Amino acid sequence: MQTKPSRQVLSNLPKAPTGIDGLDEITNGGLPLGRPTLVAGNAGCGKTLLAMEFLVKGITEHDEPGVFISFEESPADLAQNVASLGYDLNKFIKNKQLLIDQVAVERSEIEEAGSYDLEGLFIRLGHSIDSIGAKRIVLDTMETLFSGFNNQATLRAELRRLFQWLKQRGMTAIITGERGDTSLTRQGLEEYVSDCVILLDHRVEEQISTRRLRVVKYRGSVHGTNEYPFLIDEDGITVMPVTSLNLNHSVSSQRISTGIDQLDVMLGGGLYKGSSVLVSGAAGTGKTNIAGYLVDTACRAGSKSLYVAFEESPEQIIRNLSSIGVNLGAHAKSGRLQFRAVRSASEGLEMHLASLYNVVKQFQPEVVVIDPITTLVGSSNPRDVQNMLSRMMDMLKSERITCLLTSLTRPGKSLGQTENIVSSFADTWLQVRGTEFNGERNRLIYVLKSRGTAHSNQVREFIISERGIQLVNVYLGAEGMLTGSARVAAEAHQKSSELLRQTKLDGRRQQLLQEQLALKTQLQTLTTELELQEQAIRLHDSIEKERAKYDAADKAAIKVARGSK
Amino acid sequence: MTPPIKRPSRSPGVVSNMSDHKEYELRLYIAGTTPKSVLAMKNLQRYCDEYLEGRYSIEIIDLLTKPQLALGDQILAVPTLVRRMPVPIRRIIGDLSNEERVLIGLDLRERP
């Protein structure tokens, strides 16, 4: 397997992807190629299943045939056990892609008389591997051998030889082992398998069981060292890693509408695609309605949405939202909307996360609503909650999913514990608050934060009616901020006084106009008088002139008549 | 009359006794000619001559040439001696150098 001249850096250990969701992320690419890996854990923690999935994925995804050496279960039992996961082992067996060999070890039948070795087992393995050209092999559970043979020294020497032999043959192997009290495995198998050790665990805390996985050791490779929860469901094993150990999600500047125009305006144009929104508020402040609007809008635009409901059944949510004119039922029918309604107490925190992860992977929604997040995290300790939420947000962000979380604030407390934790992860935080004033309860909404947007700093009144959600400007006047009927009353009062003033103003104008008219008339009269006067003067002047002319003529005539000179 | 055991290297997996239906049907699984397998064959022959004269047949199976039998007959350790008849089937592993254990394994001696 390591025969290829490596063009890669030497430190890049070749790996065989397991195909198990999440495990390849933790192991940074898969199990060491051509080397054995030890999977240790208590009874019933999923060792066999993990090993089988490793083989099946090898066949289906990488075209690598596999051999399953079972020291405990019969091939028929194995096939039946994994049939529930949708794996048809018989088909693989028929196609020569899978070989199951049951090695029966029964102590009582065997008498030991002299020295021996386990060459028979080697021959068996070799034969099985060769007959289908296997690249992967599982030995489940090797420790059974210890009960079959008395000579421990021989057995251990042979085991050591076996692992060497597997390596030489370039087999990527999983060896399972039962968890011991003081060591990883009861028989100390970890002593022989030193390349990669994975520990599975199954714990019950507060009546809720959680399976966890930890990579104890991975020689020559970077790997996640935490305990990661994993889930076994009808799709096999899903390990829930912190999907990205660093924050390098590609971000979108594309916006999506919340479905409430005025809210989009407040957010400076809607939510960023792939961002997370926290809607917090006390009971009955309309958080679910906001969620419903977002889902409705997304579905109308042809996107798929996932609604995770922890408190209400899908029917109830559909009915309640239809009362404000949001028809989610149609989207559910068309398949664009998927509900996932579970009691938050039905599973552990991690399991919720893992199953959410599975649903998201499968359904690939663009919008996810979790309503409410509070019940989910209510009883757990804050660190777990923070841990889980960061993982969930990471997961959703890396998938570019817009998510809306609702959070219930308990009355009397300004901020819940959840909000403190969630708010740091959320890109946008909307708070819906009830105000009691003037004998009524009204809702206010404001944007506490919204990363990367020029969001409004205004408080808006949030009105829910059968026509849907409306945001209106609150009344800001001399009396302070008013909402509800007080706002309406104040607005009406303002309107009437306005009218009165207007009327008064109108009257005054009329009066002035009349006065103006009177003056104009007066002016007209005076002008006419003036004109008459002027005419009289002109007449007078012309008469005077005429007279002077006649006077002069008369004087000349007199002179002539006197005969003077 | 002692039936000869044929060497697996020459003729592997051949029934050594000509006549059928012996009281004791024995099979010895080995993996090639190793000191252990040679010793086991020698020891087996000795015990048969001594305790089962004329009542046995021995089949030597070399798993190197018939690896599929390791699977079918559930063989892990070599050498393995299997008493196929009389029932119940008995298995004895090792080079058979511990006579006491072999005889107990073949039910030729009472268990202590």
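A: Chain B has 3 helices and 4 strands. Helices here are DSSP runs of H or I with at least four residues, strands are runs of E with at least two, and both are numbered from the N terminus. Going along the sequence, chain B reads β-α-β-α-β-β-α. Keep in mind that this is a predicted model, where local features need pLDDT of at least 70, side-chain atom pairs count only at pLDDT 80 or more, and totals for chains, interfaces and linings use all residues. As for bookkeeping, residues are numbered from 1 along each chain as its sequence is written, while chains are lettered from A and ligands numbered from 1 in the order in which they are written.

How confident is the predictor about chain B? Its mean pLDDT is 79, and 81% of its residues reach 70 or more; pLDDT is the predictor's confidence in each residue, on a scale from 0 to 100. The stretch to treat with care is residues 6–19 of chain B, where pLDDT stays under 50. The model still gives that stretch 29 contacts beyond four places in sequence, a contact being two residues whose C-beta atoms, placed from the backbone, lie within 7 Å. For the complex, the predictor reports an ipTM of 0.80 and a pTM of 0.65.

Now for the packing. Of the 112 residues in chain B, 38% are buried. Buried means 20 or more other C-beta atoms within 10 Å of the residue's own, exposed means 12 or fewer, and partly exposed is in between, with C-beta atoms placed from the backbone. If you take the contacts in chain B between residues at least 6 apart in sequence, 66% of them join residues at least 24 apart.

Leaving out residues up to four places away in sequence, Leu28(B) touches Ala40(B), Met41(B), Leu44(B), Ile58(B), Ile60(B), Pro79(B) and Leu81(B). Leu28(B) also turns up in the largest nonpolar core, which has 161 residues, where Leu28(B), Ile137(A), Val295(A), Val368(A) and Val369(A) have the most contacts inside the core. Such a core is a set of buried Ala, Val, Leu, Ile, Met, Phe, Trp, Tyr and Cys residues joined through C-beta atoms within 7 Å. Helix α2(A), residues 47–62, brings the largest share of this core, 8 residues. On the chain A side, the core takes at least three residues from each of domain 1 (15–239) and domain 2 (255–486); those domain bounds come from an automatic or database assignment.

Two backbone details in chain B deserve a look. The peptide bond from Met85(B) to Pro86(B) is cis, with omega near -5°, and Pro86(B) sits in the loop between β3 (80–85) and β4 of chain B. Further on, Asp107(B) has a positive phi, near 60°, without being a glycine. You'll find Asp107(B) in the segment after α3 of chain B, and with 13 other C-beta atoms within 10 Å it counts as partly exposed.

That brings us to the contact with chain A, which takes 28 residues from chain B and 20 residues from chain A. On the chain B side, the elements giving two or more residues are α2 (68–72), β4 (90–93) and α3 (99–105), and α3(B) gives the most, with 4 residues. By type, that side of chain B splits into 17 nonpolar, 7 polar and 4 charged residues.

Strands pair if DSSP finds at least two bridges between them. Within this pairing, Ile92(B) is the bridge partner of Glu111(A).

How values were computed
Ala, Val, Leu, Ile, Met, Phe, Trp, Tyr, Cys and Pro count as nonpolar, Asp, Glu, Lys and Arg as charged, and the others, Gly among them, as polar.
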